[in-house]
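Here is a short briefing on one protein model. Have the sequence and the 3D view at hand while reading.

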Amino acid sequence: CSRNSGRKRSNFNRNRNHMSKIEIVASFFGILAIVLEIFENAWTWLFGILSAAIYVYICYQVGLYADVQLQFVYIIVFIYGWYQWIKGGDTHQGVRITYLELKPFLFINIAAIIVWLVYAKLMSVYQTQFVYLDTFITIFCLVGLYFLAKKNMQNWYYWAIVNPLAIFMFWQKGLPATAILSGVNFVLGLYGWIVWRKRYKLQNA
């Protein structure tokens, strides 16, 4: 019995070390994507795709199944965002920084809350821990990404809300590098809002 338990502990430690290394790589790509995003560099979307692809494996291993689905949707949205930043807009030379009007902004958020509650109920069949928190992060990350793809200033609001929640969830799930990444993203998000606000004023001066 002692030999078997020793082997189990050894395998667990090896798996944990392996996960930590993968998590660090994914986190690095994620931070790089945010930095490029702040400076409106379209390569942000490529590093977002790489990070999301790695997180499919990570989230599956720790039982965050809503996040597994989220990463696949991320990849689709990242491709859409990449196109919008390069070929989108009226001139097909890439979208510019804008503010979404209040009415459509409120409508999208009300719709997102309804989708979140329904999605959380459905996911509760497969996932018990953090199901409402996990699905909230899932839905509002997607809304934030949509606004980011369109270069709407409001995208930064979502990262200010979602990242503190993600810090708590990922830390509790034993993913410290991802929790730290969420903390870094929160700080970068505040800086990104300041940079984009200045650029918005300059482009409309």
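Two residues are in contact when heavy atoms lie within 4.5 Å. The model is predicted. The protein has seven helices and zero strands.

**Overall fold**
- From the N terminus, the elements run α-α-α-α-α-α-α.
- The protein has 205 residues, and 45% of them count as buried.
- Its accessible surface is about 11,600 Å². Carbon and sulfur atoms account for 68% of that surface.
- Take contacts between residues at least 6 apart in sequence: 71% of them join residues at least 24 apart.

**Helix 4 against helix 5**
- Helix 4 covers residues 102–123, and helix 5 covers residues 131–149.
- Their axes come within 9 Å and cross at roughly 145 degrees.
- The crossing of helix 4 and helix 5 is right-handed.
- On the helix 4 side, the residues that meet helix 5 include Phe105, Ile108, Asn109, Ala112, Trp116, Tyr119 and Met123.
- On the helix 5 side, the residues that meet helix 4 include Val131, Tyr132, Thr135, Phe136, Ile139, Val143 and Phe147.

**Nonpolar surface patch**
- Leu102, Leu106, Ile110, Ile114, Val118 and Leu122 form a nonpolar patch on the surface.
- Together they have about 600 Å² of accessible area.
- Leu122 sits in helix 4.
- Is Leu122 buried or exposed? Leu122 is exposed, because its relative accessible area is 54% and exposed means over 50%.

Note on methods:
Residues numbered from 1 in each chain as written. Predicted model: local features only at pLDDT ≥ 70, side-chain atom pairs only at ≥ 80, totals over all residues. Heavy atoms only, no water. Patch = residues over 30% accessible without salt bridge, like charges linked within 9 Å, V, L, I, M, F, W, Y side chains within 5 Å. Areas by Shrake-Rupley, 256 points an atom, 1.4 Å probe, with all protein chains shown as cover. Salt bridge = Lys/Arg side-chain N within 4 Å of Asp/Glu carboxyl O. Helix = DSSP H or I, 4+ residues; strand = E, 2+ residues; numbered from the N terminus. Buried < 20%, exposed > 50% of the residue type's maximum accessible area, 1.4 Å probe, protein only. Axes fitted to C-alpha atoms, helices over the stretch in contact; angles between N-to-C directions. Left-handed = near helix turned anticlockwise from the far one by under 90°.
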